[in-house]
Each structure stands twice: as C-alpha cells, then as structure tokens.
Amino acid sequence: MGPPLSEDRSEIVFFDLETTVPTRPGQGFAILEFGAILVCPRKLTEIRNYSTLVRPADMSLISPLSERCNGITADAVSAAPTFADIASTVYDLLHGRIWAGHNIIRFDCVRLRDAFAEINLPPPEPKGTIDSLVLLTQKFGRRAGNMKMATLATYFGLGRQTHRSLDDVRMNLEVLKYCATVLFLESSLPDIFTANSWVSPNATTRSRSNGKSPSEGGLLNMNKDSVLLSSPETKEKNHPILSLTMSSTTGAVPSIAHPDIDQSDRFDMSDLQVQINKESIQTDVAMGEKPMQDLPDMSSSSSVPQACSSSIVVLEPDKICIPSIDASLVPSFYGSQRIELHHEGFPFQLCCADLKVRFGISTKFVDNAGRPRLSIVVDPSPSLCNVLDACDNVARKLSSDSGSLSDWRPVVIRKEGYFNYPTVRLHIPTAVCEDIAIYATEIYQKESSGAVQRLIFSKFDAAELGSLFMPGTFVDAFFSLDPYDYQQNAGIKLVAKKLIIHGK
C-alpha cells in the first residue's frame with residue numbers, strides 16, 4: 001500500500017485525463033482514462049499511484065480520430081468502470097491536495113468538473129494548483145519551443161510521450177525537475193548560463209541601430225536576475241518545484257502559478273504570454289493568434305503525425321488532399337470555442353518554399369501601445385491558393401452554422417481587375433515582456449551557399465525588419481491557419497511561425 005499519507009493532505013497529486021476528441025459542433029468530451037500519482041513535496045518521490053480506463057456512457061464518442069489521438073479503442077474500455085464507479089476514488093485522491101498537471105487549468109480541471117456534474121456530485125477542490133504549462137511558460141520561457149509536454153520531453157531527452165495518463169504524469173514530474181534544475185544553475189551563475197540558454201549554437205545576432213549583441217542588452221538579457229525564490233527560514237519550500245513556483249517567501253503554499261496571481265519576477269514570462277494572447281483578438285482585422293510553435297525543417301514537413309490530440313502536422317500544399325480538409329469547434333479561453341482546421345483529422349500548418357514578397361513589411365496598423373502590427377504580402381502558388389480556398393469554405397460554413405453573423409474575409413486576396421494575381425498576407429506577431437518588444441516569429445537568413453543562420457534581434461525595429469523583406473525577395477514560410485471572429489469580422493489569419501529569407 002505504500003507509506004502512510006499525511007493527515008494534512010500536503011502531497012502533490014499529478015493527474016491527467018485522456019478523453020475522446022469531438023468531431024462535430026456541440027459534441028462534448030468523454031473521459032477515457034484517469035491517472036494520478038501522489039508525490040512527496042519534500043523529496044519529489046512518488047508515494048502512490050492510481051490509473052484506470054473509463055467506459056463512457058456513449059461509446060459512439062470513441063471515433064477513429066479519438067483512437068488515433070491516444071490509442072484507446074472502444075474494445076479497450078468496454079469492460080472498464082464508468083466514471084460514476086470511480087468518482088469516489090478520484091475525489092479522495094484529489095480533494096484538499098495540491099493539484100499538478102500540464103494545461104490542467106484549461107482542460108483537465110474543466111473536464112473533471114463536467115464529469116462530476118453529469119453524475120450530480122460535487123467536484124473535488126484543490127488546496128492549490130500547479131499548471132506546468134502556465135508555470136514553465138512564465139519561468140522557463142519558450143526556449144523548448146511550443147511548451148507542449150512532448151516538446152519538453154524531447155528537449156530534455158526524456159523519450160517519447162505516450163499520451164497515456166500514468167506515463168504522462170510521471171513525465172510531467174520529470175520535466176518539472178529538469179526545468180527547476182536548469183533554472184537553479186542559471187540563477188547561480190546568471191552571467192555564464194543565462195544568455196547562452198536562449199541562443200542556439202548557429203544563431204547570429206543582428207542589430208542595426210546600436211551594434212550591441214543580445215547579451216549586452218535586449219531580449220536575451222531579461223532573465224539575468226535570480227529566478228528561484230526560496231526562504232532560508234523554511235526548509236519545506238526549499239526544493240525545486242516549490243522554489244520554482246513561489247513568488248513570495250511568506251505564508252502557506254498558494255494556488256501555485258494561477259493565472260490571476262501577479263508575479264513580479266523579472267524572468268516572469270506572463271507578460272509575454274498575455275501579450276501573445278492579446279494578439280489573438282486584436283489585429284488589423286482582429287484575427288486570432290496562437291502561441292508560437294517550433295516547426296520542423298522543410299525536409300520533414302510531410303512526416304507522419306504522432307498519435308496525440310495535440311499533434312500538428314506540417315505539410316506542403318502539394319501534399320494536401322483537398323477533400324480531407326475539415327473544421328471543428330474546440331475549446332478556447334474562458335469557456336468559449338474557436339474553429340480549428342484539420343487535415344485527415346489532425347490540426348495542420350503549412351510550409352511553402354520560394355514565396356515571392358509582393359509588398360514588404362507593412363506598418364499600416366498599430367496595437368494599443370502604438371507599435372506596428374507587422375505583416376508581409378506574398379504571391380501564393382496555385383496549389384496554396386487551392387488549399388486556402390478550401391480552408392476558407394469549410395471554416396466559413398462552420399462559422400455560419402454556429403450562428404456567426406460576422407462578415408467573412410477571404411484569406412486569398414483577389415482584387416478587382418487583378419483576379420489572376422492573388423496575394424496572401426503573412427502576419428509576424430510581436431510580444432512584449434516588460435518594455436521589450438520581440439518578434440514571436442523565428443527569422444532565418446539563407447545564404448547562397450545554402451547555410452542557414454537564425455537572426456536574433458536585440459530590439460523591435462520595423463525599419464530594420466523591412467530591409468530584410470524587400471519586394472522581390474524570396475522566403476520559405478512555415479505558418480499556421482488561425483480562424484478568427486472579432487467585432488463583426490471573421491476569416492483565417494496566416495501567422496508566420498518561421499521565415500527563411502533567401503540571400504541574394
């Protein structure tokens with residue numbers, strides 16, 4: 001049975017849910033698996049674990065898409081207990097303890113409350129919450145890419161995520177340990193470790209205005225201060241996870257990394273995250289913005305996706321089967337829904353080589369702080385036009401079917417008199433941490449020799465960026481397709497994740 005549990009329920013419970021994936025508007029999620037481990041907060045050792053498959057009330061919710069995402073089939077859960085059967089066990093594990101998990105605030109906690117509501121029972125309540133997605137985005141930054149568990153595990157060499165509950169929570173704990181260790185080392189020797197941790201070995205720094213490298217000033221210097229806060233008076237707090245999460249040294253364990261808590265740490269990335277989230281609804285035509293994703297090279301763009309609900313396939317337009325494009329409503333912030341585009345059941349992004357810049361950096365539109373909203377206009381290939389038109393059609397239909405009355409703006413721009421000369425706009429999102437504006441798009445320079453180097457900018461400079469994207473320049477682009485609906489305007493925004501500028 002393991003060692004006795006504390007009477008004050010001070011253990012941290014890491015938990016994870018695997019669910020069905022909705023395939024049509026209005027369809028909910030059904031829990032297919034619950035897994036949890038109880039962790040000693042002083043030693044970070046696993047005390048006890050529990051996991052079980054769960055049989056949904058409606059077995060038809062287990063679609064082929066759902067099976068591809070987590071590998072859980074209808075046959076696998078046919079003899080499993082229902083959620084009502086395990087509700088008391090789940091409640092006892094969770095209630096009154098510190099909850100921990102990856103993206104649990106916006107997903108797992110919501111699904112859990114829904115499941116208890118469906119059986120007319122009160123849900124468990126946490127003593128505090130550690131959402132490692134929120135926490136690590138704030139404290140560790142985006143050095144590991146899109147901050148998904150699979151990406152973080154790859155970054156630290158922890159193996160492949162299985163998307164099974166018990167495996168995932170154990171991986172979650174290991175990721176937190178690794179991140180805390182890295183941050184501890186950086187806070188010990190900030191001048192040695194910190195700057196290098198933000199720049200890849202082949203990165204090159206570019207600043208036309210002051211000639212300084214990022215380590216002398218700008219983005220790469222913003223995490224120079226110590227980021228691990230612990231009290232010498234309280235040994236209980238002086239372990240990696242709690243040191244990582246505390247923003248003060250007094251009082252009991254708070255609701256850790258809760259989005260509403262104000263963090264004053266200079267390394268706190270919440271301002272960056274908030275700004276990126278603001279970009280989701282405030283653009284020149286108020287189009288949606290997603291957090292930045294790390295993308296593979298062109299050569300791997302057509303690789304087979306991993307089986308998980310968050311897999312994003314990166315495809316060239318020529319590799320896309322038009323009839324396989326569809327759209328569905330997925331949960332968004334604060335209980336709302338947004339449209340997500342799929343190819344063969346998976347979210348996807350596009351990569352296009354040799355796009356010719358028609359119009360360089362546009363600064364026509366500005367945000368609330370007066371900073372330009374940056375974008376470039378490029379000439380799309382016929383195959384790209386076909387894909388984008390198909391995406392427009394399915395997303396516009398779903399938008400209309402969902403009751404939206406907003407005016408739909410086609411993603412492919414075809415002006416009167418120039419119908420045979422279409423263009424598309426690629427948006428280069430910016431974000432702000434304290435008073436520093438940065439480009440959320442990765443920008444690279446490809447030399448005539450074929451060598452590719454990443455450009456690191458020490459400050460926001462639209463004119464400098466404009467000198468790189470002159471009309472006639474060719475770029476390779478990796479971009480997401482983000483449907484939006486804001487202030488009576490709707491459409492699809494193309495958000496550049498990675499741009500490779502061809503040298504002359």
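User: What makes two residues count as being in contact?

Analyst: Contact means that heavy atoms lie within 4.5 Å. This is a predicted model, in which local features need pLDDT of at least 70, side-chain atom pairs count only at pLDDT 80 or more, and totals for chains, interfaces and linings use all residues. Residues are numbered from 1 along each chain as its sequence is written, and side-chain values use heavy atoms, with hydrogens and water left out.

User: Which residues does Leu 465 touch?

Analyst: Not counting residues up to four places away in sequence, Leu 465 touches Ile 361, Leu 374, Ile 428, Tyr 439, Ile 443 and Phe 457.

User: What makes a set of residues a nonpolar core?

Analyst: The set consists of buried Ala, Val, Leu, Ile, Met, Phe, Trp, Tyr and Cys residues joined through side-chain atoms within 4.5 Å; buried means under 20% relative accessible area (1.4 Å probe, protein chains only). The largest such core has 51 residues, and Leu 465 and Phe 469 have the most contacts inside it. Helix 11 (residues 382–401) gives the most to this core, eight residues. Helices here are DSSP runs of H or I, at least four residues, numbered from the N terminus.

User: Why are helix 3 and helix 4 called oblique to each other?

Analyst: Their axes, lines fitted to C-alpha atoms over the stretch in contact, cross at roughly 130°. Angles under 35 degrees count as roughly parallel, over 145 as roughly antiparallel, 65 to 115 as roughly perpendicular and the rest as oblique. Helix 3 and helix 4 are therefore oblique.

User: Which residues meet where helix 3 and helix 4 are in contact?

Analyst: Phe 83, Ala 87, Val 90, Tyr 91 and Leu 94 in helix 3 meet Leu 112, Ala 115 and Phe 116 in helix 4.

Definitions and conventions:
Buried < 20%, exposed > 50% of the residue type's maximum accessible area, 1.4 Å probe, protein only. Helix = DSSP H or I, 4+ residues; strand = E, 2+ residues; numbered from the N terminus. Axes fitted to C-alpha atoms, helices over the stretch in contact; angles between N-to-C directions.
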